[in-house]
Every structure is written in C-alpha cells, then in structure tokens.
Amino acid sequence: MSTEDNPQRDSPQGDEEVPQAQERPAQRPATGRQRLFAALWPPRVTRAQLIVALLLFVLGLGLAIQVRSNSDDSALRGARQEDLVRILDELDDRTQRLEDEKQQLDDQKTELENSSDQAEEARKQTLEKERQLGVLAGTVAAQGPGITLTINDPHSTVEADMLLDAIQELRAAGAEAIQINDVRVVADTYFLNSGGGIEVDGRKVTAPYRFEVIGKPEDLEPALNIPGGVVQTLEEERAVATVVRSQKIIVDALRPAKQPDYAQSSSQ
C-alpha cells in the first residue's frame with residue numbers, strides 16, 4: 001500500500017504524546033462537627049423560641065429575688081421560738097405605747113374643749129408640757145421605773161458606736177430619760193472614740209459604762225437582749241453587759257438650757 005493511500009498527519013509536537021487533563025481530587029465528606037455548625041449557624045430563631053426565652057428569663061429573675069429575700073431573713077429563721085415571741089411582744093408594746101400617747105393627746109384636747117375655765121386648763125397643760133420638755137431636754141432631773149445597764153470592758157474593745165447603738169435601741173423601746181455615768185443624754189448627744197475611753201458630748205467617760213434609763217422595764221430589758229442585739233454584740237467583743245430592773249431610777253445629770261441664736265417662736 002502506498003503512502004498516498006494512507007496519508008499520515010504530523011503532530012505539532014512531533015512524536016510527543018499530548019498530556020491528558022488532570023482529574024480533580026474527590027471532595028471529602030463533612031465531619032459531624034461541621035454539619036452541626038452548619039445546622040446551628042446562622043441561628044434560626046422563631047417567634048415561639050423568643051417568647052420561651054423571655055419567660056425563662058423572667059422566671060430566673062423571680063427565683064433570684066426570692067432566694068435573696070430568704071437569705072435576708074436568715075437571722076430570724078435561725079432564731080429560737082422564744083426569741084421570736086419576745087420580738088413580737090416588743091413590737092406589740094411599741095404599738096401600744098403609740099396608741100396610749102394618741103389617747104392621752106385626745107384626752108387633753110377633750111379636757112381643753114370641755115373645761116369651764118379654758119384659760120386655767122391651758123395654763124396647766126402648758127406647765128405640764130414644759131416639765132415634759134425639760135425632761136427630754138435634760139434641763140430638769142427625773143425619776144421613775146427603768147433599768148440600769150452596766151458595761152464592763154476589761155479588754156478595752158468597746159467603742160463609741162456600740163454605746164450609740166445601745167442608746168438608739170433604748171430610745172426605740174420607749175426610754176424617756178438616759179444618763180451615762182455623769183453625762184445626760186439628749187437628742188443631739190454625740191459619741192467619739194478617745195484614747196483610753198469614749199467622749200460623750202465632749203466629756204470623757206471610762207469603763208465601766210453605767211446607763212441609768214427611765215422607762216418601762218418590761219420593754220427596755222428585752223430590747224437589749226434580743227438575738228443580735230446590744231448585749232449579744234458586746235459579749236462577742238468580750239465585754240460584759242448586765243441589765244437590772246428597778247422601780248426607781250434617778251437621772252439627775254443636767255444640761256444647761258440653750259438659748260437659740262436664730263430661731264424664734266412663731267406664735268403671736
């Protein structure tokens with residue numbers, strides 16, 4: 001057979017073979033973590049899910065508030081039954097004192113309105129009010145039932161704020177006149193720590209601190225002995241507090257009457 005019957009075409013590269021196209025590598029299947037991430041991100045939140053999340057948040061907030069409220073009452077929860085009864089009795093006594101004071105004022109008003117000689121009745125009530133204010137201001141001596149609180153401080157751990165706490169507790173229990181050692185306690189009395197003792201209204205007092213208190217003994221003593229109260233706090237500081245009831249307490253330390261510099265009576 002001749003070459004003319006079977007012509008051969010020359011390759012551009014001569015005898016070199018044409019390279020075949022490279023095959024793409026097979027894609028590896030996604031891992032479980034990748035599939036989970038793809039399912040969760042981006043998040044697809046429905047309206048129902050938002051409502052449920054909001055309800056759970058409100059429920060959690062309510063539970064947190066309830067737990068905090070319960071923790072605040074832990075001191076009373078841990079108290080003994082007789083201590084709780086004593087606290088309730090003290091609250092009842094304070095309420096009764098306020099009711100008695102209101103009734104007394106109502107009686108004075110009625111007497112003043114019904115008296116045939118209103119001028120004389122008004123004078124009597126004014127003198128009585130002056131005496132009462134003198135007791136509160138510390139300008140006159142006073143006597144009556146009450147208690148004596150003695151605080152011994154062998155380790156010098158008692159500070160001014162502890163005596164102030166005792167004064168506030170006694171006032172809340174209905175104390176009408178108070179004297180510490182030889183210093184009369186009034187509305188503007190202040191306490192300061194001083195080297196080797198405590199200053200009361202600028203006058204130094206040292207242990208033992210002796211409180212002469214006029215008031216109802218049945219109210220004053222329990223107020224000092226409630227759980228977490230004055231006596232227990234002093235004992236934790238290694239001080240010794242003793243409370244003694246008496247039917248006659250004398251408060252004779254006096255304060256000079258102060259004349260106001262600017263305030264004047266508004267009555268005509």
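Let's start with Ile 65, which sits in helix 2, the stretch covering residues 47-72. Keep in mind that this is a predicted model. From Ile 65 we can look at a nonpolar patch on the surface, and then move on to the largest pocket and the second largest pocket.

**The surface patch**

- Ile 65 is exposed, because its relative accessible area is 54% and exposed means over 50%.

**The largest pocket**

- The volume of the largest pocket is about 1100 Å³.
- This pocket is lined by 32 residues, and those closest to its centre are Glu 101, Leu 136, Gly 174, Ala 175 and Glu 176.
- Helix 4 (81-114), helix 5 (118-137), strand 1 (142-152) and strand 2 (177-180) each bring at least two residues to the lining.
- Helix 4 gives the most, with 10 residues.
- Sorted by class, the lining of the largest pocket contains 13 nonpolar, 12 charged and 7 polar residues.

**The second largest pocket**

- The second largest pocket holds about 290 Å³ of space.
- Its lining includes Leu 133, Leu 136, Ala 137 and Thr 139, along with Val 186, Ala 187 and Asp 188.
- Arg 255, Pro 256, Ala 257 and Lys 258 also line the second largest pocket.
- By class, its lining divides into 7 nonpolar, 3 charged and 1 polar.
- Look out for Leu 136: this residue is among those closest to the centre of the largest pocket, and Leu 136 also lines the second largest pocket.

Technical notes: Residues numbered from 1 in each chain as written. Predicted model: local features only at pLDDT ≥ 70, side-chain atom pairs only at ≥ 80, totals over all residues. Heavy atoms only, no water. Patch = residues over 30% accessible without salt bridge, like charges linked within 9 Å, V, L, I, M, F, W, Y side chains within 5 Å. Areas by Shrake-Rupley, 256 points an atom, 1.4 Å probe, with all protein chains shown as cover. Salt bridge = Lys/Arg side-chain N within 4 Å of Asp/Glu carboxyl O. Helix = DSSP H or I, 4+ residues; strand = E, 2+ residues; numbered from the N terminus. Buried < 20%, exposed > 50% of the residue type's maximum accessible area, 1.4 Å probe, protein only. 1 Å grid on protein atoms, 1.4 Å probe; cavity = no way out; pocket = protein on both sides within 12 Å on 5 of 7 lines; lining within 4 Å. Points joined across faces, edges and corners; volume = space filled by probe spheres on them. Nonpolar A, V, L, I, M, F, W, Y, C, P; charged D, E, K, R; others polar.
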